[in-house]
Amino acid sequence: MDTQNPSAPPRAQSRIAGKNHPHQNAHARPAGVIHDNTRHTTRFTVIGNHLAQHPELSGLAIGLAVYIQSLPTGARVDIKTLAARFPEGPTRIAAALRELETHGYLRRTRERTPGGRIVTRTISCNQPGHRGTAADTPSRPARRPDPAERPPRKRLPTVPEPAYPSPTLLRTATDLLAGLRRHDSRLLLSVTDTEHLAPGVAAWLERDLTPTAVQHALTADLPPEDLRRPAALLAHRLAAQLPPPPPFRAPAPLPDVRHPLQNCEGCDRAFRSPGPGHCRDCRSDLLEAA
């Protein structure tokens, strides 16, 4: 039996168009887009095709969604900020944001801050319908927390103490603190805070400062934003800006005492003395006679 040649084809191969005649399709190119891609290693954002090729979203809405998803947490994405960033006006920006809300790419909620202000929270969703964990997505609590469960309030900073806390001095200090709200409504203090701060104000008044000077030191150059704990700010100022004691002044000498006039019991002459008796000459004569 003859040995078969393994390199020889078992039968004649048919010609395949484009393979056996390469020069026929040398100039043929795909009719659509050609991608010239480079792999990103830094500064990139992963965008799903469900957004990039969304059949119902406008091009502006898709572009805004891509831009918002590329921003860091905490960046401002309100209508005014976006209108300043892009050439489209606020009306078109607002309409595009509503599109994204309708299709689940944005969620906007209104919440109350600890300071009492109402703010709008904007949450960007890269996959609508897949919510993150409670730590990633802020939500409104289902019930009001029990006051007994709240953490204890941080204590106020220590304030100076006066050397002689007289009731009158502490009363003046309390009245000064109660009147600070007339100069700045943010300096409305509770009774507890006022009792804590009053000794510090008394220590300032004890150092020869007028109430007007102390009031100016406490209310000057306040920060423009809301004061979360005005009592803590005042306590810090009372301790950090405490002025030095006034310079020592020697007491003024006592004035000469001028006793009333008395009539001498010996010669009936007038002389000054705290009580009746003899004048100097009569006292001398009495001593000599003795």
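Residues are numbered from 1 along each chain as its sequence is written, and side-chain values use heavy atoms, with hydrogens and water left out. Because the model is predicted, local features need pLDDT of at least 70 and side-chain atom pairs count only at pLDDT 80 or more, while totals for chains, interfaces and linings use all residues.

**Stop 1: His 54**

Select His 54, in the loop between α1 (49-52) and α2 (59-69); helices here are DSSP runs of H or I with at least four residues, and strands are runs of E with at least two, numbered from the N terminus. His 54 has a relative accessible area of 16% and is therefore buried (under 20% relative accessible area; exposed is over 50% and partly exposed in between, with a 1.4 Å probe and protein chains only). Display the contacts of His 54 next: leaving aside residues up to four places away in sequence, His 54 touches Asn 49, Ile 62, His 103 and Tyr 105, where contact means heavy atoms within 4.5 Å. Then show the backbone nitrogen of Glu 56, which lies 3.1 Å from a polar atom of the His 54 side chain.

**Stop 2: α2 and α4**

Two packed helices are described by the angle between their axes and the distance between the axes. Select α2 together with helix α4 (residues 90-102): the angle is about 75 degrees, and the axes are 9 Å apart. Axes are lines fitted to C-alpha atoms, for helices over the stretch in contact, and angles run from 0 to 180 degrees between N-to-C directions. The angle therefore makes α2 roughly perpendicular to α4 (65 to 115 degrees; under 35 is roughly parallel, over 145 roughly antiparallel, and the rest oblique). To view the contact, colour Leu 60, Ala 61, Leu 64, Ala 65 and Ile 68 in α2, which meet Arg 92, Ile 93, Ala 96, Leu 97, Glu 99 and Leu 100 in α4. The residues of this contact divide into nine nonpolar, no polar and two charged; Ala, Val, Leu, Ile, Met, Phe, Trp, Tyr, Cys and Pro count as nonpolar, Asp, Glu, Lys and Arg as charged, and the others, Gly among them, as polar.

**Stop 3: α6 and α7**

Move to helix α6 (residues 191-205) and helix α7 (residues 211-219), which pack at an angle of about 125 degrees with their axes 10 Å apart. That angle makes α6 oblique to α7. Within α6, select Val 201, Trp 204 and Leu 205; their partners in α7 are Pro 211, Val 214, Ala 217 and Leu 218. By class, the contact of α6 with α7 has seven nonpolar, no polar and no charged residues.

**Stop 4: α7 and α8**

Ala 217, Leu 218 and Thr 219 of α7 make the contact with Leu 234, Arg 237 and Leu 238 of α8. This contact of α7 with α8 comprises four nonpolar, one polar and one charged residues.

Which residues of α7 are buried? They are Val 214, Ala 217, Leu 218 and Thr 219, and the buried residues of α7 pack against α5 (167-178), α6 and α8. Just after α7, select Asp 221, which takes a positive phi of about 55 degrees.

**Stop 5: Ala 232**

Finish at Ala 232 in helix α8. Ala 232 touches Leu 156 and Pro 157, again not counting residues up to four places away in sequence.

Technical notes. A polar contact is a pair of N or O atoms within 3.5 Å; within protein, one must be able to donate a hydrogen and the other to accept it, and residues adjacent in sequence count only if both atoms are side-chain atoms.
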